[in-house]
Amino acid sequence: MYKLRSYQQQAVDSTLNHFRRKRTPAVIVLPTGAGKSLVIAELAKIAQGRVLVLAHVKELVEQNHLKYESYGLQAGIYAAGLNQKDSTQKVIFGSIQSVANAESDFFKDFTLLVIDECHRVGLEPDSQYAQVIKQLKLNNSRICILGLTATPYRLGLGWIYNIALRGEVKTTEMRFFKHCIYELPLEYMIRNRYLTPPVKVDIPVTSYDFSELTENGQSYTMAQLEEVLQQQRRLTPLIIKNIVDITESYHRQGVMIFSSTVKHAREILESLPQGQARLVIGETEDSDRDQIVEAFKRREFKYLVNVSVLTTGFDAAHVDVIAILRPTESISLYQQIIGRGLRLDTNKKDCLVLDYTGMGHSIFSPEIGEKKPAAESVPVQVPCPECGFINDFWGTVDADGNVIEHFGRKCRGGKQNPDTYEFIPCGFRFRFKLCEQCGAQNDISARECNRCGDLLIDPDTKLKQAKLSKDAHVLTPDSIEMLERQDKNGNAYLQVRYYDYDARYLSENHYLNNQTSLKKFNINFLRSHLKKPELKLDIRSVDEVLQMQPLLRMPAFVIGRKQGKFWKITEKIFSEELR
């Protein structure tokens, strides 16, 4: 009988603890190579009733079934792709496609449903997963549903669950899975030598430039990707030559190349050593794919090129070079691709990661969940001043790694009742929009107040209206100047001047000589201008403000309106407020 690693046992214990308290669908996040199949085997073995284990490809169905039976346990397979449809055993390993078409009698008596690669489960009521879950719940309304994945984040959807292991609200939108009940970082697996260390190589040749696809934060189409690659097609032979040179120089055994499109993959194949490379795409027949993959595992050829089909359910332990020639906005997918080369193998010391996309993803960075706001942005950790939760946000750092600025809006932490698992979000807002009607704090993108329902004016609309108005001036700041001035009574005040590219400026004045003035300054200026808005600064003089200038940021637009002979600043709009 097998013995679980400590983290695998923790994952099993977390599952038991969760379902003893709640029957909401839960997720376990384990990196590629962490042994999900062993966790599944243990849960299936100790389950009181029948267990159904689903996967989306026959390779995973077979892999999980073989691992389970290798420990002297018996289970059935229900998958047309494997030519087996056994529905009598206590534990059934099935493909979602086959099980979705099963007769109604198939779904009786199951007490646990396990979904491998569960990031594929959405909310679509007519999906195959939804059909299967509906049938199972008709027979047992209290069935436990557990998902396992290495990548709990999907482009276009976001996080696949609501609440993370450490009490973090990943999303308030509707999700099928409610809680992540166990998560193991990739770094832990490598540090404890359960996986091969990845070594990211600084590429000595040029990379593709995908910036025009990704810089505006919008999703791109396959046609746009094809066009960019067509413009840069002369780079492909140079890049492939570099991959081959590195592979031969460092005596590498197996190379997986991830290409962007089918056309791109075929161009790559043409540049690889003849007889040493094969291609797998979505249209490859199952039997051909099986033959190619098995030949690769037997090391009959060295270079395996694929287009988005071997990121999951694929295990070739000898792979020691991962070459990435496709852009991805998802750090999770990026890490999943690298995971194909991290399994342990005899005489394998590391896995080279060759990234030719120029996108700069980190192997170990967390998935933040929002679009990267700028090229220089990196993941940063920001404690909440209210509840102490450590948030993962995008931000910028100095040479020593200290956070200069972050772009977080709301604390994702909260408190969870250990007995009932009821979760109460913290609710602290780093950046917010005040309702002029009731004073409530709202998200900066909100269109109506969350307390009174009053309409909140859209910053884009404000900007358009100001540009059309004869009595308004819209200034795009290029620099800020902060000066200490004195009024005719000798009272010191702070003057802030916003200069545009033509040296024209709008200014605002702030008195700091009493508690009321200081409170106004904090609300009207500091709250929005601080790069780290959670900082609590005890400002008492103009000189102190001048000293803290490096901590302040500049608005994207300043709107001034005519008041007599002078212009008065009435609105400042920051970049995160704009769509």
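I looked up Lys348 and found its side chain reaching the backbone oxygen of Val319 at 2.6 Å. The model is a predicted one, and I read every distance here as computed from it.

Where is Lys348? I placed Lys348 in the loop between H12 and E17. I then looked for a charged partner. Lys348 is buried but has no salt bridge. The nearest side chain of opposite charge belongs to Asp345, 6.3 Å away. A salt bridge needs a side-chain nitrogen within 4 Å of a carboxyl oxygen, so I do not count Asp345 as a partner of Lys348. I also listed what Lys348 touches, leaving out residues up to four places away in sequence: Thr196, Ala317, His318, Val319, Asp320, Gly341, Leu342 and Arg343.

Asn347 lies between helix H12 (331–339) and strand E17 (351–355). Its phi is positive, near 65 degrees, and Asn347 is not a glycine. Is Asn347 buried or exposed? Asn347 counts as exposed, at 75% relative accessibility, whereas Lys348 is buried.

Next I checked Ser332, which lies in helix H12. Ser332 counts as buried, with 7% relative accessibility. Beyond its neighbours within four places in sequence, Ser332 is in contact with Thr151, Pro152, Tyr153 and Glu367. I also took the C-alpha separation of Ser332 and Ile368: 9.9 Å, for residues 36 apart along the chain.

I moved on to helix H11. H11 runs over residues 286–297, 12 residues in all. I compared its span with expectation: H11 reaches 16 Å from first C-alpha to last, close to the 16 Å expected at 1.5 Å a residue. Which residues of H11 are buried? I found Arg289, Ile292, Val293, Ala295 and Phe296. These cover an arc of only 160 degrees around the axis, so they sit on the same side of H11. As a reminder to myself, an α-helix has 3.6 residues a turn, so residues three or four places apart point the same way. The cover over the buried residues of H11 includes helix H3 (58–69), E13, strand E14 (277–280) and strand E15 (303–306). After H11 comes Arg299, with a positive phi near 65 degrees.

My last entry is His251. I found it in the loop between helix H9 (235–249) and strand E13 (255–258). Phi of His251 is positive, about 55 degrees, although His251 is not a glycine. His251 is exposed, with a relative accessible area of 63%.

Methods
Residues numbered from 1 in each chain as written. Predicted model: local features only at pLDDT ≥ 70, side-chain atom pairs only at ≥ 80, totals over all residues. Heavy atoms only, no water. Helix = DSSP H or I, 4+ residues; strand = E, 2+ residues; numbered from the N terminus. Buried < 20%, exposed > 50% of the residue type's maximum accessible area, 1.4 Å probe, protein only. Contact = heavy atoms within 4.5 Å. Expected span 1.5 Å × (residues − 1). Arc of directions from axis to C-beta. Lys, Arg positive; Asp, Glu negative; His and termini not counted. Polar contact = N/O pair within 3.5 Å; in protein donor to acceptor, adjacent residues only side chain to side chain.
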